[in-house]
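Please examine the structure shown below.

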Amino acid sequence: MRVAVFSGAGISAESGIPTFRDDEKGLWSQYDPYEVSSIDGWNRQPELVWGWYTWRCQLARRYEPNLGHRAIADWENHVDDVTVITQNVDNLHERGGSSAVHHLHGRMFTFRCSDCEQPHDTQLPDLPEPVLEIMPPSCECGGLIRPDVVWFGEQLPDEPWNAAVEAVDAADVLIVVGTSGVVYPAASLPERALELGKTVVQVNLEPTPLSERATVFLQTSASAALPGMAQRLRFLVD
Ligand code: BV8
Ligand code: ZN
């Protein structure tokens, strides 16, 4: 049996990383998430965006993969193939043991120049507290160094997108976990699976537009639903 997993910020929430929309506690909660994660936001206020990513990288480094990440990795011992397609820019799926992970929206631990695209091995400062604005470092060409993430208003890179479509098309079942499903084109992947007649299992703390169309909607947490699920999937997939 071939399993594809489509994950969002909700699967990292139990590791302690605030999801994309419920970071009320955060320093940047006064800012619309779309503002600090859009190409326009970067062009307008690079120091605000760099401050946010510096802090988010620190949180992501500090926290550990949770039972949800580890369960998905364990499924590799029980089914023929598990491919993870994530919207998350942290590396918790990899650190949780998954061997095939595609980052549709990039990764925040690698950096490049905004102008000449040259990769940069940037070491971020270790901050005791979040700092709202930090001027990003500059490249030799004068361009500002940015994280390798896909911001709102930017095209998704072809490689992870093509791999994601291929994984959905080849899967017997798609597990959608921890995403509000509002961001496109990523959110079109579960729709593609349904149109292809695949079994779609959604695990989410709250209902989303996908919930009433999914084959099964489990309104619970990732860490409660995912352990041991692979062994039960056989009964779902005819
Ligand atoms: C594109 C990377 C073509 C950064 C992210 C105008 C101009 C240009 C484009 C658009 C436009 N209008 C609309 C668009 C398209 C736009 C879009 O979809 N906008 C939406 C908001 C309407 N998309 C884009 O711009 C994309 N590019 O279209 O290119 C183009 C290009 C140029 C010009 C024209 C067209 C690029 C989108 C990528 C944006 N980058 N992230 C970073 O992360 O730092 S998006 C970011 O938010 C995340 O990556 C994620 O994908 C997304 C959604 O977040 P979720 O992961 O779903 O998290 P959320 O908090 O929302 O939900 C968590 C869920 O988990 C909740 O439901 C909660 O209940 C649940 N949960 C919580 N805890 C648990 C749990 N579930 C289970 N267990 C738990 N424990
Ligand atoms: Zn440069």
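The questions and answers that follow concern a predicted model.

Q: How are the residues and values of this model to be read?
A: Residues are numbered from 1 along each chain as its sequence is written, chains are lettered from A and ligands numbered from 1 in the order in which they are written.

Q: Why is histidine 105 called buried?
A: Buried means under 20% relative accessible area, exposed means over 50%, and partly exposed lies in between (1.4 Å probe, protein chains only). Histidine 105 has a relative accessible area of 11%, and therefore counts as buried. The unreviewed UniProt entry places the feature "active site" at His105; such annotations may be inferred rather than shown by experiment, and the positions follow the numbering used here, with feature names shortened.

Q: What does histidine 105 touch, not counting residues up to four places away in sequence?
A: Contact means heavy atoms within 4.5 Å. By this criterion, histidine 105 touches Thr86, Gln87, Val89, Val149, Val150, Leu156, Val183 and Ala186.

Q: Why is cysteine 141 placed in the partly exposed class?
A: The relative accessibility of cysteine 141 is 44%, so the residue counts as partly exposed. With neighbours within four places in sequence left aside, its contacts are Cys113, Asp115 and Cys116.

Q: For which residues does UniProt list "binding site", and how do you know that they cluster in space?
A: The unreviewed UniProt entry lists Cys113, Cys116, Cys139 and Cys141. They are spread over 29 residues of sequence, yet the largest C-alpha distance is 8.5 Å.

Q: What makes β4 and β6 a pair?
A: Strands are DSSP runs (E, at least two residues), numbered from the N terminus. Two strands pair if DSSP finds at least two bridges between them. β4 and β6 pair in the antiparallel sense over 5 bridges. In β6, arginine 146 is the bridge partner of arginine 112.

Q: Why are β5 and β6 called edge strands?
A: The open sheet of 3 strands has the order β5-β4-β6, with antiparallel pairing. β5 and β6 are the edge strands, as each pairs on one side only.

Terms used: This is a predicted model: local features need pLDDT of at least 70, side-chain atom pairs count only at pLDDT 80 or more; totals for chains, interfaces and linings use all residues. Side-chain values use heavy atoms; hydrogens and water are left out. Helices (H or I, at least four residues) and strands (E, at least two) are DSSP runs, numbered from the N terminus.
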